[in-house]
Amino acid sequence: MKQGSKENSPNQSPKEVLVIGGGIAGLTSAWELARLDIDVQIVEKSPFLGGHAIEFCCKATDECQKCGACLVGKRVLEVIQEPRITVHLRSELKSVTRNSAYGYVLSQRPLYINPNKCTNCGLCFDKCPAAGAIVRGYAKTDGSLFAIDEAHCLYFKDGSCRLCQDECPEKAIDLDQGTGQVSGEADAIIVASGFQVFDAKARPRYGYGINRNVMTALELERMLRDKAEVLRPSDNKAPKTIAFIQCVGSRDHQLHHGFCSQVCCGYAMRMAEAISHRDPEVKVSIFYMDMQNCGKNFSAFYERCKEHVRFVRFMPGDIFQGEGDQLILCYATEKDGRPVREPFDLVVLSVGIMPGASNVGLADMLQLDLDEHGFFAFTDPMDKTTPKQNGIFLAGTAQGPKDIADSMGQAGQAAQRAAQYLGVMACLK
Amino acid sequence: MPEVEALSAQGASMEEIPMETTVLIIGGGWSGMKVAAELISMGYGVVLAAGGTGIGGEPPGDHSASVNQKALTTLLGSVKKADGIEILTSTSLVSLTGVPGSFRARFEQSGEFLERDVGAVVVALETQRVSLAEAYGLSEDENILTQSQLEHVFASGEEKDRLLGGGSKDVLFLVGLQQEGGPVVMERAIESAINIQEAEGLQATILVGNVKLAQHGLETLYKQSREKGVLYFKLREPPHIKQNGVDVSIEFFDNVLHGPVVLRPDVLVVEEAIRSHPQASDVAQVLGIDRDAEGFLQSDNVHFFPTRSNREGVYVVGPARLSSSLAEGWKDAQNAVLEVRQLLGKGKRVVPREKAKIHRGKCTICLTCFRVCPHGAIYWDNRAVISPVACQGCGICASECPMDAIQLVDFRDDQIEDQILQLSATSVDGPQMIAFCCQNSAYEAAQMARVVGGSAPKGLQIVKVPCAGKVDVDYILTAFKAGVDGVLVLACHKDNCKSQQGNTFAEWRVEHAGNMLEESGLEKERLCFATIASNMPMEFVRITKEMEDKLNQLGPSRIKRGAAA
């Protein structure tokens, strides 16, 4: 990986592709294209590569559960070792002009931490007095594992603190670094801008943000990844009973989310399995409408889950505060419709995949259409990588909800289509 | 956590290898043809083993709005008239020998044998649909149809009038109650139900287990069907079905109505299971590739996402690997084409001359390496030869070779043993442990643990191995002989090994070494096997700390104490 501006890179190949998004789809497209000797520019708005999926935990019991989360870090490593790929972190597409190629301008917010100097000692992270001002990434890269979030940093609030800059033994931090701009020309564009997680507060009945022991599945993923255990937020004790509520934000026609997020059943079942494997005393229940398939051998996997996990076909209404820190879920039994109030130590909301916040702006800039839900629209039902503009291709959740495997599959397809468009596939013609 | 720098690569010399640019495609259905058309457009040659009936056939969800019929017609036309394609009908593949870039495929065609040289193989067998009527306890009758039969009825106006015409009729669908099913099954049922509902006088009702909607646009279709008046009953168990010829009654408890419901449909539509192709098992055996628990090709291992198989140069697409829509099959086809392009390129490939070396004097041609190689990289040419294209450098062959005739270029036994001795001679705080870490999982986790975890045991030393399957019993014993207090072998989780069985071999060897320790009077507990993922640094810290605690309880190793005395 080359960091920063394109001017530094000798243009070894006449073909160049701009990949918008450094999540698993964008990384996979970029990696596949680079292997075909095509130069790739990845533009990623966050300070890290890997998108959402890099935060996901391993859900293995004794056996791999095939979630694919471990593939993301590996893909990041492959990308950063690939000289044909240039990564622009904290950057966004600012404008695009179409001639024979796509002229683009990227605006680049400062990294503040010089990736060439940072040794990832973590001193800044440990010393920072403001919560959330220095964030730690999840993947090993050649850059810094840390980044500064202006929204929480005291220096950007009132200039009162520059402890990290002063303390950094490598003098790698410069809080006064200015914004930058990169421009270039790409022969094709792959839109892999990803999704945003459903904001659980938009479904207030579950009391997310009010009840501390209601957390989102993404928060649970991060907790399992960071701590390798589940702790209840209110008292940091291991919960004995956990309820997953499915379809939070998905298949919700009231919110005009008339789509299935396709990943939540899979991650809920896999996390439930992983949690019960670690501690068989923990009782996990999954409240659902319809369990959706994930991956190969689904029937056998579902049957195995049923041995450890209780599946309740009911979408609970409100959640009440129970005794101590417990939460009460109300539901009706499937057998005879009897109403039940049951306490749980922890409630996990299986939040869904929503269209990316930047979709509207990107669609406008690239002259693409969005579908009724706000994902990028395709024109050929047989090939979901093709939007209405020649030379632009779609990959991953930018086009619609997908799991890691599907995102990688579509990213490969988009790379293949882009390479074909550039005349690179037909190598024997 | 001291560590000796990773052993430097030997600067292996590179070699240019010619690659055959004809590709064998097995399966003449829509996915196979898609692969063929793409490869032909790239200038590759294609041998299409189409099975008995030739190319084409019924597309999955043939009446589905999501299928672009025109695209199918165009595809069929382009494959039929293409140069550079040889279509073999009524042939069966007998063997595939050789290595990626240079396979020889042998076919049988009505008693004759044919041979073709191919660089890669793409398996695109279609699925088969199997009626579940029997599972529901239903026997054939004129008003009991499978989903496919219903689609045919709808396609033929005459039959439709005969079966569904003449006044009001109730049509009942059974879906996802005798199988888990999936979106492909669900989509067909919903589409047919909408067709029924739109016809005059017909009422469609669907009895369903889980409504499978995890596919683009299916929730919208499901909502549409309900708005059009299709009725749904969601059941947890199959209903009680009584059949007396054409009279069928279906009874179940409905938990919305809180009571028993009895339905007497005029027409009953039974779901079909989507199973792997009847020849999948034979093809897998001939190609030496694995199948999953449901019989589809390709083992369930994330490192094969989306179309790779356990044999390098053999790819599996769409319906050959799982029940998938036509569009998903084509997505796979394009991924496989990309893999082929990466593998065969313009007909030559530059690769490191060798990742592993066979000592000809020691080799007794016992075939062990050939059998254990998980990548199909070893072949025979009067002696064992390792294909530099297919070899992944996992080292399983080297560790399993009974004559110690194989050495990896970058991980030679003497280098690793030196590293072990060097590490064990370093003095550390606390119990001294050597962890053999698979570079694909534990090693990555260990690296991350340094940054995020901080507090891995001080006495922990790491030896990176290409795969846990390369950890020899000798390595473990060398470490103990040199006086370390404990040894960990850290592998990938079961089913997550890039070399499939590397973790299993490692576990066996640890067990074997443990028994040897016990016999020699050392505590077996000093040796630990664990599995871990690359993205779980804290898990690495937990495992190693648990080991440290255990070793603290056991005290220093007797060998170390003996040496000190």
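Reply: Two strands count as paired if DSSP finds at least two bridges between them. Helices (H or I, at least four residues) and strands (E, at least two) are themselves DSSP runs, numbered from the N terminus. Residues are numbered from 1 along each chain as its sequence is written, and chains are lettered from A and ligands numbered from 1 in the order in which they are written. The model is predicted, so that local features need pLDDT of at least 70 and side-chain atom pairs count only at pLDDT 80 or more, while totals for chains, interfaces and linings use all residues.

Me: What is the strand order in the open sheet of 5 strands in chain B?

Reply: Strands of a sheet pair through backbone hydrogen bonds, either parallel or antiparallel. Here the order is β10-β17-β11-β12-β13 of chain B, with parallel pairing. At the edges stand β10 (144-146) and β13 (231-234) of chain B, each of which pairs on one side only. From one strand to the next, the twist averages 20°.

Me: How many bridges link β12 and β13 of chain B?

Reply: Strand β12 (residues 202-208) of chain B pairs with β13(B) in the parallel sense over 4 bridges. Within β13(B), B:K234 is the residue opposite B:V208.

Me: Which strands does helix α3 of chain B lie across?

Reply: Axes are lines fitted to C-alpha atoms, for helices over the stretch in contact, and angles run from 0 to 180 degrees between N-to-C directions. Helix α3 (residues 147-155) of chain B lies across β10 and β17 (267-270) of chain B, at about 95° to β10(B).

Me: How is chain B divided into domains?

Reply: Domain bounds come from an automatic or database domain assignment. For chain B the assignment gives domain 1 (1-13 + 352-565), domain 2 (20-127 + 276-346) and domain 3 (130-274). The C-alpha centres of domain 2 and domain 3 of chain B are 34 Å apart.

Me: What share of the residues of chain B is buried?

Reply: A residue is buried if 20 or more other C-beta atoms lie within 10 Å of its own, exposed if 12 or fewer, and partly exposed in between, with C-beta atoms placed from the backbone. By that count, 52% of the 565 residues of chain B are buried.

Me: How many residues of chain A are in contact with chain B?

Reply: Two residues are in contact if their C-beta atoms, placed from the backbone, lie within 7 Å. By this criterion, 64 residues of chain A are in contact with 62 residues of chain B. On the chain A side, the elements that give two or more residues are α1 (24-35), α2 (69-80), α6 (217-227), α8 (298-308) and α10 (404-421) of chain A. The largest share, 8 residues, comes from α10(A).

Me: Which backbone angles deserve attention?

Reply: Most residues other than glycine have a negative phi, and most peptide bonds are trans. In chain A, A:D37 has a positive phi near 65°; this residue lies in the loop between α1 and β3 (39-43) of chain A. A:D37 is partly exposed, because 13 other C-beta atoms lie within 10 Å. In chain B, B:D404 has a positive phi of about 50° and lies in the loop between α10 (396-400) and β24 (406-408) of chain B. A cis peptide bond, with omega about -15°, joins B:F305 and B:P306. B:P306 belongs to the loop between α7 (280-287) and β19 (314-316) of chain B.
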